[in-house]
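Work through the exercises below with the sequence and the model open. Each task is followed by a solution in steps.

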There are 2 protein chains.
Amino acid sequence: MYPEPESVTRVTTLGAGPIGGGWAAHFLARGYDVTAWIHDDSERDALNAVIDTAWISLTALGLAPGASRGRLTVTTDLAAAVREAQFIQESAPERLEIKQALYARLCQLAPRACVIASSTSGLTMSQIQRDCMTPQRTVIGHPFNPPYLLPLVEVVGGKGTEKAAVDWAAAFYRVAGKVPLVLKKEIPGFVATRLQEALWREALHMVANGEATPDDIDIALMNGPAPRMAAQGQCMAFHVACGEGGMATNLDQFGPALKWPWTRLEAPELTQELRDRMVEGCNAIAAGRHFTDMAAQRDREIVAVLNAIRAARQ
Amino acid sequence: MYPEPESVTRVTTLGAGPIGGGWAAHFLARGYDVTAWIHDDSERDALNAVIDTAWISLTALGLAPGASRGRLTVTTDLAAAVREAQFIQESAPERLEIKQALYARLCQLAPRACVIASSTSGLTMSQIQRDCMTPQRTVIGHPFNPPYLLPLVEVVGGKGTEKAAVDWAAAFYRVAGKVPLVLKKEIPGFVATRLQEALWREALHMVANGEATPDDIDIALMNGPAPRMAAQGQCMAFHVACGEGGMATNLDQFGPALKWPWTRLEAPELTQELRDRMVEGCNAIAAGRHFTDMAAQRDREIVAVLNAIRAARQ
């Protein structure tokens, strides 16, 4: 029922803020016709300013053939904005009553075969879709700030969402140059924000206790875990660092460290089941590659990151 | 009493593992004469293998004038290794009794003006230096894996360490091409590992609860927070994302989110004092720069990181 993701040529974005404007810029840069709905005309300048900023980076990353800011239409008419939409990315204010009212209208106005995705970071689609006639095609499509630059989009439905809509959204985001992550469950904060929030709360604890300043926190991150994490996630970082033994060695050897006071966060019990999930998950990512090859690739990418940042600072 | 950090030409590294070998490679690449002490001759091949691997990346980052692997001396004679050392980087096995015995000997054998730094991630210098004659010059100098690539070195003394030794080590690491972070307190896990550990424990919770696989975790990190965090730490990421209001807006507006179940980690109470420390800390880092300039610089660096990783994967 949904169109082929590759056949989509028109996208509608809702919202004039950094997220809504960032999405409009992203879709323009990938060569789509974009209709951007804004709440009222006073938001036009703000929207253009976001796109101005984003366009510099998007150009540096490489525009798709035919991509043009001339393919943007801005309107305050919601019905006109969504009447022929093939995909809608909603980035309205983060207030439940606003989103619920908006989705009730969107489900009446937009073609049934058009998936509607919300950029919300704090609400669930089960809440947002409450008053929709057609909740089946409503999903979360949560980007990471700045949305025109970071590839991640977390995709998950609500109770009334059909699986086909989630799968379609993930496939479409991939065609549109993003890296979708389909979540297993509708959890508060999704995956990426939960990881970031854990780190953030520990950072606040350290500042509260006089153990570190904000400057210390940022220096530690930028010069320690972050350049590696951009090349290799934390699971594979441990897997590869443990050589032949991989994640199994990490958990069997350093498992007791989960009880150590290395953060204020309590670790889960390291059950056999959790151990096996971690080990099997890392083996699946490695897909037969030898750890020395993965370490060499990690090093090439860290070198590239460090050299790139150094050059960008000069 | 300690030499000028710029005058150091000879460094002794202790240990043949990935950390000890990584340090030897780093110092060679920065143009030092390096004496690497290994426990016995059977470790010689392992040490060389680590340096072989590291040298590829160090060459790609750029060697210092005169840097040469020919300036490496490997020995199993501890007294000979440290007799004329100007700085010692110790990366012996992570067992307290081994380190305590080693430091007792090092303090007898090494010149008094030679600072001795430990790569330990899990022990404190107050524990390690217990049996030293001259604990004043013993410090933690904790690198991040891989130590030949990631710039961070966390520096902190133990109860018997003098401030001059901590300051000297930080100054020397900076001269030697690292980014030192002098810690305010001797806390378990130091700063960077605590931040990473909080994130890691939340990741394990999500895998234990069937909310994410290891692959999901890594995809989320690599395509979400990490490329930005390599350019901008989490404090400044929030400060800049909140525009004119900066960190004050972040905490005043999103402070209640610290109570939300966005991670299993409990946040500290957001007292006025903690709020002010965060705000003042971020203002100090910004040093008068406008948020739009900082956002533009962030974007340039994220673009560079994304393009660099893409190129390194092709």
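## The interface

The area buried between chain A and chain B is about 10,100 Å², and carbon and sulfur atoms give 69% of it. Buried area here is the accessible area (1.4 Å probe) that two parts lose on being put together, summed over both. This is a predicted model, in which local features need pLDDT of at least 70 and side-chain atom pairs count only at pLDDT 80 or more, while totals for chains, interfaces and linings use all residues. Residues are numbered from 1 along each chain as its sequence is written, chains are lettered from A and ligands numbered from 1 in the order in which they are written, and side-chain values use heavy atoms, with hydrogens and water left out.

**Exercise 1.** Determine how many residues the contact takes from chain A and from chain B, and which three residues supply 8% of the area that chain A buries.

*Solution.* 
- Step 1: apply the contact rule, heavy atoms within 4.5 Å. The contact takes 107 residues from chain A and 107 residues from chain B.
- Step 2: A:W200, A:R201 and A:W262 supply 8% of the area that chain A buries against chain B, more than any other three residues.

**Exercise 2.** Find how many salt bridges cross the interface of chain A and chain B, and which residues a network of shared partners joins.

*Solution.* 
- Step 1: use the rule for a salt bridge, a side-chain nitrogen of Lys or Arg within 4 Å of a carboxyl oxygen of Asp or Glu.
- Step 2: take a pair. The side chains of A:R194 and B:E202 meet at 2.9 Å, N to O, in a salt bridge.
- Step 3: compare a pair in chain B. B:D252 forms a salt bridge with B:R275, with the closest N and O atoms 2.7 Å apart. B:D252 lies in helix 11 (residues 246-254) of chain B and B:R275 in helix 12 (residues 272-286) of chain B, so this pair ties together parts that are 23 residues apart in sequence.
- Step 4: follow the shared partners. Salt bridges join A:R194, B:E202, B:E211 and B:R264 into one network.

Helices (H or I, at least four residues) and strands (E, at least two) are DSSP runs, numbered from the N terminus.

**Exercise 3.** Is A:E301 buried or exposed, and which residues does A:E301 touch?

*Solution.* 
- Step 1: locate the residue. A:E301 is in helix 13 (residues 291-313) of chain A.
- Step 2: apply the cut-offs: buried means under 20% relative accessible area, exposed over 50%, partly exposed in between (1.4 Å probe, protein chains only). At 3% relative accessibility, A:E301 counts as buried.
- Step 3: list the contacts. Not counting residues up to four places away in sequence, A:E301 touches A:A231, B:I309, B:A312 and B:R313.

## Aromatic rings

**Exercise 4.** Count the aromatic pairs over all chains, then classify the pair A:F87 and A:W168 and the pair A:W200 and B:F238.

*Solution.* 
- Step 1: rings of Phe, Tyr and Trp (its six-membered ring) pair if their centres lie within 6.5 Å; planes under 30 degrees apart count as stacked, over 60 as edge-to-face and the rest as tilted. The count comes to 28 aromatic pairs over all chains.
- Step 2: the ring centres of A:F87 and A:W168 are 6.0 Å apart and their planes are at 40°, so the pair is tilted. A:F87 lies in strand 4 (residues 87-90) of chain A and A:W168 in helix 6 (residues 163-175) of chain A, so the pair ties together parts that are 81 residues apart in sequence. Both A:F87 and A:W168 are buried.
- Step 3: A:W200 and B:F238 form an edge-to-face pair, 4.7 Å centre to centre with 85° between the planes. A:W200 lies in helix 7 (residues 192-208) of chain A and B:F238 in helix 10 (residues 234-241) of chain B, so the pair joins two chains.
- Step 4: check burial. A:W200 is buried, with a relative accessible area of 4%, and B:F238 is buried at 17%.

## Helix 8 of chain B

**Exercise 5.** Explain why helix 8 of chain B is largely enclosed by the rest of the structure, and name its buried residues.

*Solution.* 
- Step 1: seven of the ten residues of helix 8 (residues 214-223) of chain B are buried, so the helix is largely enclosed by the rest of the structure.
- Step 2: the buried residues of helix 8 of chain B are B:P214, B:D216, B:I217, B:D218, B:A220, B:L221 and B:N223.
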